Amino acid sequence: MMSASTIQLYCLVAPIVAVVLIVTVGRVFPILYETINASVAVITFLLTLSLYSALGEGTIESMVLFEPFAGVSIALQAEPLGILFAMMASFLWIITSIYSFGYMRGHGETNLARFNIFFAIAISSAMGIALAANGFTLFLFYEVLTLSTFPLVTHAGSDKARRAGRIYLFLLLGTSVGMLLLALIWTWILTGTLDFRAGGILDGDISKTTLNILLVLYVFGIGKAALMPFHRWLPAAMVAPTPVSALLHAVAVVKAGVFSILKVSIYIFGIDLLQELEVHRYLAYAAAFTIVATAIIALRKDNLKARLAYSTIGQLSYIVLGALVANAAGIVGGGLHMLMHGFGKITLFFGAGAILVATHKTEISQMRGIGRRMPVTMITFLIGSIVIVGAPPTGGMWSKWNLLLGAANTTDWLLLAALIVGSLLSALYLLPIAVRAFYHSPDDGNETIKEAPVSILIALIISAAGCIILFFAPDFAFDLMNMITSSE
Amino acid sequence: MLSLHLSALQVVIPLLAAPLCAIIRIPGVTWLIALAVGIASSINSIAILLHINRFGEIVYSLGGWAAPFGIEYRIDSANALILLIISFIYLLGIIYAPASIKTEVPEKSQGWLYTAWILCFTGLSGITISGDVFNVFVFLEVSSLSTYILISFGQDKRCLTAAFRYLVMGTIAATFYLVGIGFLYSLTGTLNMADLAQRLPDLISQNTVAVAFGFVIVGLAIKMALFPFHAWLPNAYAYAPNAVTAFLAGTATKAAVYVFIRLTFEVFPEDYFSGFTSSHHIILAVGIFSAVITSAIAIFQDDLKRLFAWSSIGQIGYIAVGVGLASTAGVAASFLHLFNHSIMKTAIFMAIGGLFFVTGSTTTAALKNAGRRMPWTMAAILIGGLSLIGVPFTTGFISKWYLVSASLEQNFWWLAGLILLGSLVTAAYVWKIVEIAYFRKDPNVKVVRQEAPLSLLIPTWILVVANIYFGVDARFSGSMATQAANTILGVSP
């Protein structure tokens, strides 16, 4: 019987095993790349499940891997939020691998070995972020995630990809090195530790000015949360193949961003301290602004992937806002939305990729009546859209509901209004796509069914089913998040 | 006591080997001698380090003559660390050399090259272990003169002007330093560091001390290529043979930095540097300014060797920042970065040598397709570059962490911000290289895998692995650096 503490390490090691297998077995049988990744993903998911069940029996012991220098360690310790993230990331990795089998080969992409290797490394670092026991470890894996996704974003190798990669790297490295690292070292100097502890490690003895500055540095320094004005990298990264978009928007990258923000709010500052800091309100306004502004931009985008990208930025700010309103409902809503948005957005991106593979269409205006040709794709697309809007029967309802509750508790009506307007606008920019796909007939009158390859359809159906299952069975996620808020 | 003679061996072995090489001059044989010197010195430097960790400081009077008259070697954890760096970089440089030099230096002069190289190593070792300031001068000259020769072995004719330029600057530096210690001698009647440290506190108010201090600092600043005395370095690095550049990048400026730290914090009275003259502010300001500016200049270089030469000046800036903080944490950060920077920069220059071996050029244009053509060489440059930026799991990250926490410790948050800003400027020049190597494709050329020979790749990759190893497990380097800083600043740990 493995102890829960070692399982944490296996979660990181498993994806690396996939890398080794791809390099060895895959060299002989290139057809197996995705199969290797998918099987390892299943194992990783099972490992995170066992962490989840171990959590029911009490706190999981931390595991120290290295102590690079005195006082700072690379250590893992699974706590509820991290387990939620790890479970989500590994599960979505399974379906992304299934999907990318159909997509990458159907779309005639090259350099598949490199692609699958860096994908697995990215997942390993996402696991490292999820299970990090302290800010130092989180930062290490955060940077590895940035670097390992760079070759994925620039996969095409074209000039456009190169430019996108440059924006991607400089915004993410710039914010993390310039602000996040500074904030972490500063915290370390002030408190002598970077461990994530319930109730936070910063306390009221430190001057309020310093704490306010620190909070700003953290929130903007975690560039993966894409709070405006550091959001440009996400639309730029659209040039990447669709499975990479799924990785960025749903599985790992942006989720690592909002996860880190939640983590910092809960375990470095602590909700109570956050409440006392004047600046948390202004940062919440920044998030509210991002929500509304990106929704308006999304409305005006005709390119489907671009519209989805701006939608993601807005939805991330929901989670940031949930963390910054600093109350139990907000935190629960934030954690849930991380999960729900993951399922919703991956379905949407899978849909966009399916359309691209089957019909080579990228613009929304060309997609009239496409539902008659690709019914499965567009029905799942509709389900994904409903998650983002936050309506039943999808899991999106639970998270939006709690986020609204959290905002209402602050009695700051401006925040509440921003959340509601944001959701309404998201209905406006997403639902018409699916509706027009079915109600109009195709421009060329061709109504024969031509769906994307089977593996793409399987992935779409699983993720859409997930969206609905999470409506009926969100209990495990609620339990996890309640563990955090009750221990506060 | 044999163990005490260890310190003498560090200088005596290469000093005897050099004339031997000059007499023999057969390339293969001289290389073997140089290699033997490297192996012996590396083992010796480890022995010294172990000895010091167990028994403390080594004080050794050469030939049995006691301190005020004889030559004294004095080694504690600070110079033992530097000695270790210099010896190992030298050893790896020599292992790397034959294949690299073959393409650049005519066979008949190779014997001379190894002679000069061994002499240069003698000088650097001597600077590091000397316990008296005049001896430092002598070895400084030994290392400088041999460096001029080494640079002039370059393939490009312009190496001669580069060497001459360095000669002029180096001579000025040596003169400044000599004038400085002359003043000190006239005041105190001694050249021994320990004696100076004892006598100077009583004379602290004398202007002569201040003048001596100024001369010494400027002299050393030139040798360590601290901005604005850096002008000799880019050409010297760019035109020297690749193997020599790799060696110089890891060692030449490092010994001078060490002497700088030793003199300012230990030989001159406590707080003289930071309190009485407040000159640490100048060093701090100059350091951070040059770290940012010279990194920006590096972006615009089209020759890789020159680009990374500018980068070296910037990294010296970071080291100066640590010195300028004038705290144990700051000096520890400087020592740590000395160690880390030697590893990463030597690895980069070795990889560039590999690139030259295959493509015959070190311009950025030679990098086209290099990502596919020579993946191992390019990966070495990439990892070295990431380390310069300070990406986690490389030594550069550990350095940044130490330096930023040292500046935050004194509440210099603006300085911490600037240090991290410097990282981003560094990212700009590193990324320029990455984009050319991995993205700039020539569709007409079919890329054939054409890697540098193993004799170049192995030493390079030893350093690349060390770069990652010490980036993950920094207990050795970190504690050595802290111990070195504690020793020099006289703080009991």
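The largest nonpolar core in this predicted model has 402 residues, and A:Ala89, A:Ala237, A:Val320 and B:Ile151 touch the most other members. Helix H14 of chain B, residues 328–359, gives the largest share of this core, 19 residues. In general, nonpolar side chains tend to be buried together in soluble globular proteins.

- Which residues does A:Val320 contact, leaving aside its neighbours within four places in sequence? They are A:Val219, A:Ala225, A:Leu227, A:Val258, A:Ile261 and A:Ala287.

**Contact between the chains**

- Chain A puts 23 residues into the contact, and chain B puts in 25 residues.
- On the side of chain A that touches chain B, two or more residues come from each of strand E1 (63–69), helix H5 (135–153) and helix H6 (159–191).
- H6(A) provides the largest share of that side, with 13 residues.
- Sorted by class, the side of chain A that touches chain B holds 16 nonpolar, three polar and four charged residues.

**The strand pair in chain A**

- E1(A) and E2(A) run antiparallel and are joined by four bridges.
- One of the pairings is that of A:Val64, whose bridge partner in E2(A) is A:Ala75.
- The two strands, E1(A) and E2(A), form a hairpin with two residues between them.
- In the turn of this hairpin, A:Gly71 has a positive phi of about 90°.
- Strand E2 of chain A, residues 72–76, is mostly covered, as four of its five residues are buried.

**A:Ser39**

- A:Ser39 is part of helix H2 of chain A, which covers residues 33–56.
- Why is A:Ser39 partly exposed? A:Ser39 counts as partly exposed because 15 other C-beta atoms lie within 10 Å, whereas a buried residue needs 20 or more and an exposed one has 12 or fewer.
- Although A:Ser39 and A:Ser97 are 58 residues apart in sequence, their C-alpha atoms are 9.0 Å apart in space.

**Chain B as a whole**

- Chain B contains 20 helices and two strands.
- The C-alpha atoms of chain B fill a box of roughly 75 × 55 × 40 Å along the principal axes.
- The radius of gyration of chain B is 21 Å, which agrees with a compact globule, because a globule of 493 residues would have a value near 23 Å.
- Of the 493 residues in chain B, 62% are buried.
- Among contacts in chain B between residues at least 6 apart in sequence, 79% join residues at least 24 apart.

Note on methods. Residues numbered from 1 in each chain as written. Chains lettered and ligands numbered in written order. Predicted model: local features only at pLDDT ≥ 70, side-chain atom pairs only at ≥ 80, totals over all residues. Contact = placed C-beta atoms within 7 Å. Nonpolar A, V, L, I, M, F, W, Y, C, P; charged D, E, K, R; others polar. Core = buried A, V, L, I, M, F, W, Y, C linked by C-beta atoms within 7 Å. Rg over C-alpha atoms; globule rule 2.2 N^0.38 Å. Pairing = 2+ DSSP bridges.
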